[in-house]
Structure formats: structure tokens, C-alpha cells
Amino acid sequence: MEFNILRTFAVEQEELEARYQQNALIPDISDIVEKHATCTFDPYVTYCSNEIYQQRTLEKLLNTNPNFKEVLTKIEAHPECRNLPMISFLILPMQRVTRLPLLMDTICQKTPKESPEYEHAKKALQAVSKLVRQCNEGARRMERTEMMYTINSQLEFKIKPFPLVSSSRFLSKRGELMGFVEDTGIFSKRMSRQQVYFFLFNDVLIVTKKK
């Protein structure tokens, strides 16, 4: 994935440089932006989707591995890092992608609507907006999946395990409730109160008891 991102950046930079060589006052870059947003930015979607795992892995290493923390502190002290922590570099691709719609929206506003360049700018804006949506949706999907695995590890089914983890399932609400259970004896029937903990998903409700 690292090679793909570097290659994507290099190809786009080459095309922008070629456009600059044609005219130092670059008349338009919308076609270049649209081309790469629709064809070569898939590595960014994958990277941004997994950003939460990167951050948590970094946090875990800093808290559990003194050697890693020591080496990282030395690296961050290099002038090339400009005193920025590692986390700022991990989130940089996502920050850059989310700025693209703002850039293209500004270009649309500054471009005469009757010009051919305006149509290019409008298509580029639509393409980068879709790209950002894909990045955000991917990040939310991965976060939901991680939550499902966490909840699944906390549940114990006495009869048959329920296949909780699913790419289409997500948690809507969770919390404690006071439930009423009917106790039936030989000569009597009575209601008793019992505290339960529920997990409400988009397609199923699971009611549990704390150990």
C-alpha cells in the first residue's frame, strides 16, 4: 500500500509539473484532479479506512514497548519532522484528501460558468467529494467492525453461539434496563425484577446478564 500511495503521488506530481512547463500561469488543473480522484486514489481510501487501527497500534506500542518509544522520540526530534509527533503524519493523508473538495469548490466559484473550465472544475468537485465520502464511510465501517469484535469477545452464549460479527451489522444503542421475569412454580406464579444489559443492533436485539 505504501508503494501505491507514493506512486499515485508521483504520477500526479509529474502531470502537474508538465502542465506548469506548458504555462507558468497554470490555467486549469481540474482535469488532472478529476482523473486521479476517479482512477488512482483507491490506496487513499484503503489507508483512510484503516486509520483507526494505525492510531491504536501506535498508542499500544508507545504504552507497551519502551524501545519503540525511545527510538520514535529520537526520530521525531529530527529537523525533517519539524517537532511534529508521529500521529500528525499518520493522519496527514486523510487531512489532505478532505481539503480537496474545498479547493475545487473555490476553483468553481472563481471560474466563469460559461467557460469549458467550469465544467471540468464541477466534475472534479463531484469526483473528490465522492472520494471523501468513500474515505469517511470506510473509516466508519472499520470502526463498527472493530466494535462488533469487541462486543462479541465480551458475550458468552450458554446454548449456541450467535454469529454476531457481520459487515452489514452495526450497533445502534446499548445500556442497562430493568426487566421483569415470570417465575412459574407448582402452585404459584410471580413476577420478579431482573437487571439486564441490552445491545440493540440494526437487525437484532441481544439481551444479556452481567456475570
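**Figure 1. Helices α4 and α8 meet in this predicted model.** Helix α4 covers residues 51–64, and helix α8 covers residues 116–154. Their axes come within 8 Å. The crossing angle is roughly 55°, so α4 and α8 are oblique to each other. From α4, the contact takes Ile52, Tyr53 and Arg56. From α8, Met142, Glu143 and Glu146 take part. Sorted by class, the residues of this contact are three nonpolar, three charged and no polar.

**Figure 2. Helix α3 is mostly covered.** This helix spans residues 42–49. Six of its eight residues are buried. They are Pro43, Tyr44, Val45, Tyr47, Cys48 and Ser49. Cysteine 48 has a relative accessible area of 1%. That value lies under the 20% limit for burial, so cysteine 48 counts as buried.

**Figure 3. Cysteine 48 and cysteine 135 are shown with their sulfur atoms.** For the sulfur of cysteine 48, the closest cysteine sulfur is in cysteine 135. The two atoms are 3.9 Å apart. A disulfide requires sulfur atoms within 2.5 Å, so this pair is too far apart for a bond. The disulfide count is zero. Another cysteine, cysteine 108, is buried at 9% relative accessibility.

**Figure 4. The loop between α5 and α6 holds arginine 82 and asparagine 83.** Helix α5 covers 66–76 and helix α6 covers 86–90. Most residues other than glycine have a negative phi. Arginine 82 has a positive phi, near 55°, and is not a glycine. Asparagine 83, also not a glycine, has a positive phi of about 60°.

**Figure 5. Threonine 111 sits in the loop between α7 and α8.** Helix α7 covers residues 92–110. The relative accessible area of threonine 111 is 15%. Threonine 111 is therefore buried, under the 20% limit. Which residues does threonine 111 touch, leaving out those up to four places away in sequence? The partners are Glu117 and Tyr118.

**Figure 6. The whole chain gives the setting for the close-ups.** The chain has 211 residues. Its secondary structure comprises eight helices and three strands. Read from the N terminus, the order is α-α-α-α-α-α-α-α-β-β-β. Buried residues account for 29% of the chain. Among contacts with a separation of 6 or more, 52% link residues 24 or more positions apart.

How values were computed. Residues are numbered from 1 along each chain as its sequence is written. This is a predicted model: local features need pLDDT of at least 70, side-chain atom pairs count only at pLDDT 80 or more; totals for chains, interfaces and linings use all residues. Side-chain values use heavy atoms; hydrogens and water are left out. Axes are lines fitted to C-alpha atoms, for helices over the stretch in contact, and angles run from 0 to 180 degrees between N-to-C directions. Helices (H or I, at least four residues) and strands (E, at least two) are DSSP runs, numbered from the N terminus. Angles under 35 degrees count as roughly parallel, over 145 as roughly antiparallel, 65 to 115 as roughly perpendicular and the rest as oblique. Contact means heavy atoms within 4.5 Å. Ala, Val, Leu, Ile, Met, Phe, Trp, Tyr, Cys and Pro count as nonpolar, Asp, Glu, Lys and Arg as charged, and the others, Gly among them, as polar. Buried means under 20% relative accessible area, exposed over 50%, partly exposed in between (1.4 Å probe, protein chains only).
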